[in-house]
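Q: Hi! Could you walk me through this model?

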Protein chains: 2
Amino acid sequence: CRIHCFSVCSIVGVLILAPVNYTSAGPSGTKRPNSMEIFTVSNVPKGSDRLWVHFSCLCFISFYVVYLLHKEYKEMSHKRIERLKYHRKRPDQFTILVQGIPVCADHGIYGCNVDHFFSKHYQTYQSYQILHDNGNIESLQKLASSLEKQIERKRDTRRCNFWQWIWFKFTSGPIDARSQEQKLKEVHHSIRILQCKNMLKQKELPVAFVSFKSRLEAAQAAETQQHVNPLSLVTRYAPEPTETIWSNLAIPFYRLAAYKLGVFIAAFLLTVFFTIPVTAVQGIVQFEKIEKWFPPARAVQLIPGLSSVVTGYLPSMILNGFIYLIPFAMLGMASFEGCISKSQTEIKACNMVFYFLLGNVFFLSILSGSLLHQIGESFTHPKDIPSRLASAVSAQSDFFITYILTNGMSGFSFEVLQFGLLTWHFLKAHTVGHSDEPYLYGFPYYRVVPIASLAVLIGMVYAVVSPLLLPILVIYFLLGYAVFINQMEDVYEITYDTCGQYWPTIHHYIFLSVTLMQTTMIGLFGLKSKPGASFATIPLLVLNIMFNEYCKVRFLPTFQCRPIQICKDNDDLDKTEREAECSSEHAVRAYTPPWMRPTGSSPESSSVQPLVRCLL
Amino acid sequence: CRIHCFSVCSIVGVLILAPVNYTSAGPSGTKRPNSMEIFTVSNVPKGSDRLWVHFSCLCFISFYVVYLLHKEYKEMSHKRIERLKYHRKRPDQFTILVQGIPVCADHGIYGCNVDHFFSKHYQTYQSYQILHDNGNIESLQKLASSLEKQIERKRDTRRCNFWQWIWFKFTSGPIDARSQEQKLKEVHHSIRILQCKNMLKQKELPVAFVSFKSRLEAAQAAETQQHVNPLSLVTRYAPEPTETIWSNLAIPFYRLAAYKLGVFIAAFLLTVFFTIPVTAVQGIVQFEKIEKWFPPARAVQLIPGLSSVVTGYLPSMILNGFIYLIPFAMLGMASFEGCISKSQTEIKACNMVFYFLLGNVFFLSILSGSLLHQIGESFTHPKDIPSRLASAVSAQSDFFITYILTNGMSGFSFEVLQFGLLTWHFLKAHTVGHSDEPYLYGFPYYRVVPIASLAVLIGMVYAVVSPLLLPILVIYFLLGYAVFINQMEDVYEITYDTCGQYWPTIHHYIFLSVTLMQTTMIGLFGLKSKPGASFATIPLLVLNIMFNEYCKVRFLPTFQCRPIQICKDNDDLDKTEREAECSSEHAVRAYTPPWMRPTGSSPESSSVQPLVRCLL
């Protein structure tokens, strides 16, 4: 739904912008060359009055984008409120996460401290669910599930294929079925012993989920400072139980800070030095060398023309292959950072991928030399940024038309074919043998959002410089809209609902695009000896920045916290429907960690079931 | 108390630092020249091993300052909590300020909306005090007080002096005493009519003070987002009634943002272009020219030697005169920004004055050329900052010794003599005739804090470069301590208590000083061909920045908001003392604006009296 709004907005924007650019740039073009560069600014002579047409066009686009962004942010904020109302029975509305709990002086444990503090300070406090050190239980549960699988596999060995048979021979060994069943029972028994309360009290962690009877007090507790020391009893909104990353909850703050710094440095280095390994691999993997090491590859030469295609496309395929892997690498890095929920991790990954693409696709394509060299140049001569950007941008419009056409289309076809996931699934199913797992994944926002944002950025920067890019972009977005609507409805599963927390990120990308467009135009007017237009663009840039600041004050807080008014309204709605008890009672039960759920049954059913029943 | 802690900390720091510098730098000095530059780094030959002594000294100072800052921040945070407990009956603990109230759809006024919202969402809500458009009442009250004064003055015309007599003749005119008394009565009557409730309902402003029965809910209300739109029903902690700037409360947000931007630009321009008017005035006001235009000035030449002293000191006096006026100008600019309380205004002014002094005293003294030129140079060549700073700093140590000695001492003597205020008061008393006003002012933090911080900065930067500055600084701080303790106890009045909100500002200044010291040393080691030491200083700088980030997380929140725990403790203390009713009932009454207080009596007594009684 978010991507939907976003692409619709972009399409509308681009559709309206496109004809304007034509009509404004058209009449001023007296002679018409037959190349594609009819209307591009780079063809306009120095100091020409036609540049003022481009300037008015820039003004129109800037103000129109600001108008669209404002409208969209307002709508998204409204939708978020609606969504919070719709999800009002979700357990995370009643629950907060408390980290850094101090040890109780009397009992030496954390639990009683939480209970004591919140029952004293909050009237509608209900209960708490403290986290325990899970080390042993989780490994036992893994052992139990692997034993279960082995037993099951033995029962239907006849049905398995060759690879599975080999795998089975390697793993199961010479143990017979009965002794395994005995062992499974023992493991289940020891899990139950470890899960009993007395054993757990010694393993408490300083992290707990605290639930309230009213959403109002939960919101108040999440947003205020509880303890004199701001680093103990740190409260925040609890993530949804299904998207909580349990292992990250107990990480202490100093380690979190270190992880954050480490991941930032790693992402920065990956972005800056990405080209070095790629060029190295491109140097090693050449078709001539492959022929030497793997003679059957010579078969390619038998088909006429294929050999030259392979030789020509191999470096580009290697580059695109690396870029295709980047979102997954960034997601891995983001999940190392210790976010408490999947959605937060994916938003982080989304940011990292966007900045990676901005550096390695946009800037590296328009500027020559390595990214490190570019950053160094900008740092030592910050004054020259607009003019360097302008001269580079105006030279590369043809490249980006090709880029959008080829990479965009191939990306969509990959997306429709689900090539990567199908391959991965096929490999997994035919070697390890977990073919019973459902083939269902959440929507890969961290992969789709940055690529779409990059297309918006390219469109925005070239909207005035070379408006012929825009119809290509319109085709790109229309196709993208069709593809992703289909994928979202039929292919991917909804794994979490952040109530619109992706929008501020996308808004920021579009803001960056507009800033980049205006900076480029400042440089371009300067290059074309129109200092008047160049200086007149500066107020536009200032207005754009001020609009962004306004959005931060006017809309962003609603995306970061829950207004008291909405919480109270939801509480009142419950009262009229007499359902408050039901939802708030199940709130804390929903936050039982996976290793605390009863053994012998499937891990989801026991704790999520009551919630689901309540929702339906 | 704040300044006290601060100077004690600095003195302790400098006292401990000073001998360390001597002992560390002393043994390495093989030959001892008889000038003051024995231990300065600039005398150490290039690439010498003695530089490692300076490096270890730098490490020691950096870590010791971090230790002291941490200790002090912890202590200040503890003191703030103590102070909040001590002031727990102050009305601002029960009250919040609500701005941007939407109009009630049914009645077309603001008041009922506030009452409705807070009574619905908060259980301990007590009452509200809405603000009204005061225009007419305030002018009438001014008229009444001027009439009162005129009547009083007529009664004791015999006692007044020549100037007052002339003033009186000019202002009072030919009206006799009885008609004036009649007029005064009429004015009082019309004020009372305007103050009646029905008249006021039409003049409501979208700003109100809302009071609660418990401090806990007041804190919760102040810190959470109330309305779906973050710009309506904006809540924050109420300022103390005595330090509230009433006229600024009703300024709408968009105008506040414009004021803020305007004041920032004005302060920036004043800081950057300060030298231009000063040099212009210095050019115009020369002793030779004064003699031409004002012949009695030739009398100076009669005393032998005085003439050369005047000619020599005149430019420096003009510069110092301008610098003396800067804090007042900055305070005026800060009060234009629309802060809601005096303390906030003074903290703003404090910041502006500190950056002014940093630019125009520190940087302009060590670097040549105008400040604008310096900023331009740093912007275009950011890499060269450390080396430029280093070469400039090491050349100017003598200048700063003189600066601290002369300007510091003259500043203290001015402070003790109260020269400026005495002159101002004398002029006022002998022309306008308001000699009955008490000669009492609040402590001028906005003037004292930046000057003391600048001394700390100079000491910090020169601690390693030229440690002979330190004994001078110790004398400076000891004298300052004696002077300001006296001034605070006997001269100035306590007008407000922010519970330590000045400390984060001072902490930031000291952090800046340490950063500047380390940047200088990076450049200096580079200049002295010790790249090893230069690179080894970079981790120190990184550690320093990380420590500052830690302080922002660990201590700053306690200074910006009130922990729930403390609020609850204070509420519970009241319950045991059975005094809660008394303080919370008077809370909203204390927030009656000055123009709403009953006429005919002195403005303070009516509303503040019950509070004072309650406090004693």
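Predicted model: local features only at pLDDT ≥ 70, side-chain atom pairs only at ≥ 80, totals over all residues.

Q: Thanks. How many residues of chain B are in contact with chain A?

A: On the chain B side there are 38 residues, and they are in contact with 38 residues of chain A.

Q: And how much area do chain B and chain A bury between them?

A: About 3200 Å² is buried between chain B and chain A, with 62% of it on carbon and sulfur atoms. The residues of chain B that lose the most area to chain A are B:Gln225, B:Val228 and B:Gln565, which together make up 18% of what that side buries.

Q: What is the count of salt bridges between chain B and chain A?

A: The count is two salt bridges. For example, A:Asp569 forms a salt bridge with B:Lys120, and their closest N and O atoms are 3.5 Å apart.

Q: How many residue pairs are in polar contact across that interface?

A: The rule finds 12 residue pairs in polar contact between chain B and chain A, with both residues at pLDDT 80 or more.

Q: Which elements give two or more residues to the side of chain B that touches chain A?

A: They are helices H3 (111–121), H8 (215–223), H15 (371–380), H22 (531–554), H23 (556–560) and H24 (564–577) of chain B. The largest share comes from H24(B), with six residues.

Q: How do the residues on that side of chain B divide into nonpolar, polar and charged?

A: The side of chain B that touches chain A has 18 nonpolar, 12 polar and eight charged residues.

Q: Switching topic: in what order do the four strands of the open sheet in chain A come?

A: The order is E2-E3-E1-E4 in chain A, and the pairing is antiparallel. Strand E2 (125–132) and strand E4 (234–237) of chain A are the edge strands, each pairing on one side only. From one strand to the next, the twist averages 25°.

Q: Over how many bridges do E1 and E4 of chain A pair?

A: Strand E1 (residues 95–99) of chain A pairs with E4(A) over four bridges, in the antiparallel sense. Within that pairing, A:Ile96 stands opposite A:Tyr237 in E4(A).

Q: Nice. Which helix packs on the sheet?

A: Helix H3 (residues 111–121) of chain A packs on the sheet, touching E1, E2, strand E3 (204–212) and E4 of chain A. The direction of H3 makes about 160° with that of E2(A). Helix H8 (residues 215–223) of chain A lies across E1, E2, E3 and E4 of chain A, running at about 130° to E4(A).

Definitions and conventions: Residues numbered from 1 in each chain as written. Chains lettered and ligands numbered in written order. Heavy atoms only, no water. Contact = heavy atoms within 4.5 Å. Buried area = accessible area lost by both parts, 1.4 Å probe. Salt bridge = Lys/Arg side-chain N within 4 Å of Asp/Glu carboxyl O. Polar contact = N/O pair within 3.5 Å; in protein donor to acceptor, adjacent residues only side chain to side chain. Nonpolar A, V, L, I, M, F, W, Y, C, P; charged D, E, K, R; others polar. Pairing = 2+ DSSP bridges. Axes fitted to C-alpha atoms, helices over the stretch in contact; angles between N-to-C directions.
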